[in-house]
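This report goes through a set of computed features, from a single position to the contact of two chains. The sequence and coordinates come next.

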Amino acid sequence: MIEFSGINKTFQGKVVLTNVSGTFTQGICNLIIGASGTGKSVLLKSLVGLVKPDSGSIQYDGREFTKASNDVKQEIRKEIGMLFQGGALFDSKTVEQNVMFPLDMHTKMSKEEKLDRVNYCLQRVGLENVNHLMPSQISGGMQKRVGIARAFVMNSKYLYCDEPNSGLDPQTSIRIDNLIQDITHEFNITTIVVTHDMNSVLEIGEHVIFMYKGEKIWDGSRTNILDTEVKTLQDFLFANKLIREMKAHK
Amino acid sequence: MKTFGKYLILISTLFIRRERFSVYAKLVVDESISVGYNSIFIVVIVSSFIGAVTAVQTGYNLVSDLIPVSVIGTIVRDMTILELAPTIISIVLAGKVGSNIAGHLGTMRITEQIDAFEVMGINSASYLILPKILGCMIMFPMLVIISGFLSIYGGYLAGTLTGALTEQEYIRGIRSGFQEYNIWFALIKSLVFAFIISSISAYNGYFTKGGALEVGQSSTTAVTNSCIAVLLADFLLAKLLL
């Protein structure tokens, strides 16, 4: 479980996050949604420590993260896996080397053990016979799946996904969403997904946080999000004319 | 001052939260091969010609019959060892190696690969930059030694083929008044320049913000700043060590 409270962040006088608090529960997909520029990615980067909040507290299963020493942060980070928006695969390494990299750096497993684990993870995300390909030789959707394999190869307790569907076709997007949800349930991971894709919200949004102008406006799940009375959330959800008409006919 | 402070902080972070020695050993070997092997061709070309041109131009300026022509060899040797081999080759390598380092790190930054290292609990600066600096500090002195030999040989070929002096005169010239300390001076310079070029280029690449355009700008800034820093260091080292 990840708990955060009173997160504030300002960039050169511009307020990006204002007193954001919340809890991400273990074993479900927690979504952070909102329009572009509302502070979703900054909140996510604050949670993983890539951005230092001006104030506030972040706790990983009761362990304070923001004010922790570098050594403690490093230990917590070993339990974090992250899928970046563009995949962020190391372009000088093969698919196999990319997935094996966290094991090389943080474990004393033998070469065979590491290879077994890598092959299992690649198989789990539906990739076979790509071990020796370079990231530039595989499609965007495959890169995302390699990124997911790399994110959970260390048996991560926390999985962060920054806009996992950006640049993907609808079918591949749903496949990635389902994969993230399956892995979350199977390994009982605390998963946090930043997205503005409505399909993802309805597909895997077991817990949803809505951000607007740097503030958390709404907290709920996919089952009650469509019935919201919050005007800004309604504007976000029903921006599409077709969806507005469907809701009117409901 | 703020930039210089940020640069010093980056350099200090290279030595904290380091990975295992075996991790760096492989990376340093890879970087050394990349820096050394990929730069041999340009070093051979530049060195041979600067030696040849120095010999020809020195011969052209020797108008007094009182000065023996063997002095051409002496001038080519001292020019090569003291300045041309370490400084000119370092400036050439600032363009080649420096832009490569800045471009590589800049691309890694904008494609979030550096963030990926950090999220994995790895000190990205130490993992990515330290091997590049060590690789340069290993290979630059070797390239400067190769450059010195080729420059002096280039001077020999140009001097003898143009008839400016004979083979014996050139050999006598390069053996005349030789000081071993000059070799050490050249090697010290190459080490300092290697550190300057690799660290400044890494700094510019590592802190790239934006997109492809900014990566290009980082590379250009890295080369410009490295060249200026090399020339400044060249002057300071000459004052301090000669």
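In which loop is the place of A:Gly34? The model is a predicted one, and in it A:Gly34 sits in the loop between strand S3 (29-33) and H1 of chain A. Because A:Gly34 has 26 C-beta neighbours inside 10 Å, and 20 or more make a residue buried, A:Gly34 counts as buried. Leaving aside residues up to four places away in sequence, A:Gly34 touches A:Lys40, A:His196, A:Phe210, A:Met211, A:Tyr212 and A:Phe236. A:Ile209 is 175 residues apart from A:Gly34 along the chain, and their C-alpha atoms are separated by 8.4 Å.

The sheet of chain A is next. Four strands form an open sheet in the order S2-S1-S4-S5 (chain A), and their pairing is antiparallel. Strand S2 (14-24) and strand S5 (63-64) of chain A are the edge strands, each pairing on one side only. Between strand S4 (residues 55-60) of chain A and S5(A) there are 2 bridges, in the antiparallel sense. Opposite A:Arg63 in S5(A) stands A:Tyr60. Helix H1 (residues 40-48) of chain A packs on the sheet, where H1 touches strand S1 (2-11), S2 and S4 of chain A. The direction of H1 makes about 120° with that of S1(A).

In H3(A), the buried residues are A:Val95, A:Asn98, A:Val99, A:Met100, A:Phe101, A:Pro102 and A:Leu103. Their packing partners are helix H4 (111-124) and helix H5 (140-152) of chain A.

In chain B, the axes of helix H6 (residues 124-161) and helix H8 (residues 180-206) come within 8 Å and cross at roughly 145°. The crossing of H6(B) past H8(B) is right-handed. Among the residues that meet there are B:Phe140 and B:Pro141 in H6(B), and B:Phe193 and B:Phe195 in H8(B).

The contact between the chains takes 14 residues from chain A and 12 residues from chain B. On the side of chain A, helix H2 (70-77), strand S6 (80-83) and helix H3 (95-106) each supply at least two residues. H2(A) gives the largest share of that side, 3 residues.

The table gives the residue classes of two contacts.

| Contact | Nonpolar | Polar | Charged |
|---|---|---|---|
| H6(B) with H8(B) | 17 residues | 4 residues | 1 residue |

Methods
Residues are numbered from 1 along each chain as its sequence is written. Chains are lettered from A and ligands numbered from 1 in the order in which they are written. This is a predicted model: local features need pLDDT of at least 70, side-chain atom pairs count only at pLDDT 80 or more; totals for chains, interfaces and linings use all residues. Two residues are in contact if their C-beta atoms, placed from the backbone, lie within 7 Å. A residue is buried if 20 or more other C-beta atoms lie within 10 Å of its own, exposed if 12 or fewer, and partly exposed in between; C-beta atoms are placed from the backbone. Two strands pair if DSSP finds at least two bridges between them. Axes are lines fitted to C-alpha atoms, for helices over the stretch in contact, and angles run from 0 to 180 degrees between N-to-C directions. A crossing is left-handed if the near helix is turned anticlockwise from the far one by less than a right angle, and right-handed if clockwise. Ala, Val, Leu, Ile, Met, Phe, Trp, Tyr, Cys and Pro count as nonpolar, Asp, Glu, Lys and Arg as charged, and the others, Gly among them, as polar.
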